Amino acid sequence: MSIATPKYLSQSLAMKYFFVAVVLFGAQLVMGLIAAYQFVNPEFLFNVFNFSTARMVHINALVVWMLYAMIGSAYWMLPEETGIETVGVKLGTLGFYVLTLAVTVVVGVFILVQVGPGTDASIWLINEGREYLEAPRWADIGITVVVLIFVYNVFATVMKGKRTGITTVLMADLIALAGLYLAGMFYTSNITMDQFWWWWVIHLWVEATWEVFVGVLIAYGLIKVMGANRQIVEMWLWIEVTMLFGSGILGMGHHYFWIGTPEYWWEIGALFSALEPVPLVGMLVHVIYDMGKHNGKVNNGPAFSWFIVNAFGNFLGAGVWGFMHTLPQINIYTHGSQFTAGHGHLAFYGAYATILIGMMYVAIQRRNNIEEMRSTATSKWAVSLITIGVLGMTVALTLSGYVQAFVERAEYGATWDGYFIAQGATWFTQGIDWRLAMGVVTLIGFLLLVKDLLTIAKRSKALAK
Amino acid sequence: MSEEHNEPESVWTSNRFWSRSAGWVTGFSAVLLILLTMDTLGQITMGSAEDLANKVTKRVPSASVINYKVTYEYSAARGHEVPVIGDKELFFGRSDYSETEANALLEKGKLTSQSKNCMNCHTLLGNGAYYAPDLTKAWLDPAWQTGGVMQGMTGTTSPDEAMLVFFQNPDKYASHSRRMPNLGITAEEAKGLVAFLKQMSSIDTNGFPRNFNKIQGSTQK
């Protein structure tokens with residue numbers, strides 16, 4: 001089959017989004033390494049570039065690079081799904097430059113100004129100080145405007161062109177994704193109320209709307225990379241949406257165990273979040289099933305490797321690692337420990353980073369009209385090292401988390417002293433050392449990934465000749 | 001690419017069935033979430049100074065709680081610890097803060113906690129980063145009480161005074177090798193932060209953290 005497609009402007013825009021996504025991914029890793037090293041040597045850059053700053057940029061670069069790659073993926077597949085150029089693509093390109101300028105200013109302020117006085121002005125101009133949503137309010141408004149342009153483009157294009165199951169799910173998901181961001185844009189002195197709405201954004205993004213977005217990308221990817229049957233793929237997609245939203249929306253209860261919210265969230269959170277791994281098993285089975293059906297014949301080796309890592313990583317990181325501490329009986333000891341950090345690392349990587357990197361490979365292949373793009377040695381080293389690195393960090397942090405749960409919480413009753421006794425325990429510090437080492441492995445894998453993304457098209461073309 | 005158009009043999013392989021299921025399940029879950037949210041919002045709205053004076057228990061007490069003594073005690077009925085608001089207690093030498101004054105202090109403290117990015121080292125109600133101790137019940141932590149390490153280091157005799165001194169120069173009072181950095185916190189901001197921490201300790205967190213400071217020999221005094 002030929003993969004030659006017209007040169008859509010929408011897909012040029014997608015490449016721009018992917019480019020910035022990779023740059024921010026690199027920034028995320030560098031900041032993560034600084035923070036990881038500060039755990040080992042707390043005097044490193046103390047009072048100059050504190051842990052709080054490194055960690056803030058680490059997690060914000062993560063969220064923003066993923067949003068960039070998601071927007072890029074949508075702009076990429078939109079013309080192929082609808083058969084027409086994206087409506088409003090020029091406005092979309094303007095939006096890209098505005099967003100990128102805004103992100104640059106925000107990161108610059110985070111790094112150079114870091115913190116401000118305790119006033120409204122700081123919240124508006126410097127740092128909102130709410131984990132994951134640190135972007136100051138002016139940037140929140142800017143992000144909303146740019147995202148609205150993006151959502152408008154998707155809707156207008158689908159309405160004008162061909163409508164498929166994939167684009168229908170995409171449209172519904174984007175409305176929810178954009179709307180939820182608004183729940184995080186207000187100030188209150190009531191910390192319980194603050195965190196209640198904060199989770200509306202964080203949870204309903206990463207455990208509902210983002211997961212559905214992944215379902216969309218898997219569906220598109222399997223059709224393009226393996227030639228999977230659209231009807232079956234879209235049937236799976238609808239099943240995934242049913243199960244993801246069916247468990248994920250009320251699964252939010254697992255964040256409402258201990259923040260001042262009523263006790264009934266224990267039962268609701270336990271039941272629905274225990275169901276959250278079910279769709280992830282479904283997604284894993286779906287990918288394996290399609291692979292078997294097509295005898296593993298794929299036209300894009302590296303993309304397919306990343307899809308496979310996604311299927312397993314999503315199930316393990318989000319499913320298994322999430323389920324491990326989602327019941328309130330366990331969570332009362334693990335909540336707010338390195339256990340959560342372990343889960344966070346494997347879940348964000350397994351569920352999102354993997355599929356988005358896979359999409360970048362799909363875009364590179366199709367942009368360059370490469371009929372069959374095989375994995376290079378660099379592709380294989382990149383996916384292996386990053387996966388080993390993240391898995392290693394996850395296991396290390398989980399072990400440190402166990403020490404916290406048993407020593408800090410159970411043994412010492414969660415006091416200030418208990419905290420530091422656990423932080424000094426040998427098994428805890430060993431975990432922290434291994435996390436740093438595995439972070440370095442991840443960074444090496446990332447550098448190889450960048451090299452591969454930049455060179456694989458040229459190599460594949462030379463090979464075809 | 002071959003597009004096979006198989007007619008679905010049963011409802012279980014029908015895209016129409018599954019797309020409708022997705023719509024209904026999502027809609028039903030969303031409606032349930034909204035109903036539960038409406039109930040929860042009522043329960044987590046901050047109480048008033050009158051509630052405190054009349055001993056009406058609220059999950060999130062008014063900022064005026066700074067005028068009262070807060071403890072964290074086991075409740076046999078609930079099977080875990082709950083905050084208990086007791087008699088009047090001096091807070092920076094006073095126990096007669098009006099609700100307006102108390103709210104102003106809390107707002108200054110909460111704004112400071114955000115603008116100083118506390119949450120990217122500490123956890124608050126268990127959420128945040130894991131580089132520094134959880135602050136949920138920090139106000140009640142033995143480290144800040146009489147005989148605790150923080151009062152000793154800061155040369156003060158009460159938790160509020162110890163925190164006030166500490167916040168303004170945290171890097172000078174290191175209890176462990178991992179120090180808190182100097183974030184340029186002013187006296188006014190520090191006082192707000194103390195009010196914020198005291199009010200947070202009075203929030204009913206369903207027993208989190210469990211057995212807080214209740215384990216024999218759990219502190220190194």
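Throughout these legends, two residues are in contact, or touch, if their C-beta atoms, placed from the backbone, lie within 7 Å. The views come from a predicted model, where local features need pLDDT of at least 70, side-chain atom pairs count only at pLDDT 80 or more, and totals for chains, interfaces and linings use all residues. Residues are numbered from 1 along each chain as its sequence is written, while chains are lettered from A and ligands numbered from 1 in the order in which they are written.

**View 1. Asn300(A) sits in the loop between helix H10 (277-293) and helix H11 (301-324) of chain A.** Leaving out residues up to four places away in sequence, Asn300(A) touches Val225(A), Tyr361(A), Val362(A), Gln365(A) and Met373(A). Asn300(A) has 26 other C-beta atoms within 10 Å, so it counts as buried. That label needs 20 or more other C-beta atoms within 10 Å of the residue's own; 12 or fewer makes a residue exposed, anything in between is partly exposed, and the C-beta atoms are placed from the backbone. Helices here (H or I, at least four residues) and strands (E, at least two) are DSSP runs, numbered from the N terminus. For a sense of scale, Asn300(A) and Asp140(A) are 160 residues apart along the chain, and 37 Å separate their C-alpha atoms.

**View 2. Chain A meets chain B through 71 of its residues, which contact 78 residues of chain B.** On the chain A side, the elements giving two or more residues are helix H2 (51-82), helix H4 (120-125), helix H7 (191-226), helix H8 (230-251), helix H12 (328-334), helix H13 (338-367), helix H14 (377-411) and helix H15 (416-424). H8(A) gives the most, with 12 residues. Sorted by class, this side of chain A has 32 nonpolar, 28 polar and 11 charged residues. In that count, Ala, Val, Leu, Ile, Met, Phe, Trp, Tyr, Cys and Pro are nonpolar, Asp, Glu, Lys and Arg are charged, and the others, Gly among them, are polar.

**View 3. Helix H6 (residues 165-181) of chain A has 17 residues.** From first C-alpha to last, H6(A) reaches 25 Å, close to the 24 Å expected at 1.5 Å a residue; the expected span is 1.5 Å times one less than the number of residues. Its buried residues are Gly165(A), Ile166(A), Thr167(A), Val169(A), Leu170(A), Asp173(A), Leu174(A) and Leu177(A). What covers them? The cover includes H2, helix H5 (137-160), H7 and H8 of chain A, together with helix H1 (15-44) of chain B.

**View 4. The largest nonpolar core has 209 residues.** Such a core is a set of buried Ala, Val, Leu, Ile, Met, Phe, Trp, Tyr and Cys residues joined through C-beta atoms within 7 Å. H7(A) supplies the largest share, 23 residues. Those with the most contacts inside the core are Tyr17(A), Ala21(A), Trp65(A), Tyr68(A), Ala69(A), Val216(A) and Leu356(A). Not counting residues up to four places away in sequence, Leu356(A) touches Met66(A), Ala69(A), Met70(A) and Ser73(A).

**View 5. Strands E1 (residues 68-75) and E2 (residues 80-88) of chain B pair in the antiparallel sense over 7 bridges.** Pairing takes at least two bridges found by DSSP between the strands. Tyr72(B) has Pro83(B) in E2(B) as its bridge partner, and Tyr74(B) has Glu81(B). The two strands form a hairpin with 4 residues between them, and Gly79(B) in the turn has a positive phi of about 80°.

View 6. Most residues other than glycine have a negative phi, and most peptide bonds are trans. Ala414(A), however, has phi near 65°; this residue is in the loop between H14 and H15 of chain A, and is buried, with 31 other C-beta atoms within 10 Å. Asn206(B) also has a positive phi, near 55°. Asn206(B) lies in the segment after H6 of chain B and, with 24 C-beta neighbours inside 10 Å, is buried. Pro209(B) is placed in the segment after helix H6 (187-201) of chain B, and a cis peptide bond with omega of about -5° joins Phe208(B) to Pro209(B).

**View 7. Met46(B) lies in the loop between H1 and helix H2 (49-53) of chain B.** Met46(B) counts as buried because 23 C-beta neighbours lie inside 10 Å. Setting aside neighbours within four places in sequence, Met46(B) is in contact with Asn190(A), Val60(B) and Ser62(B).
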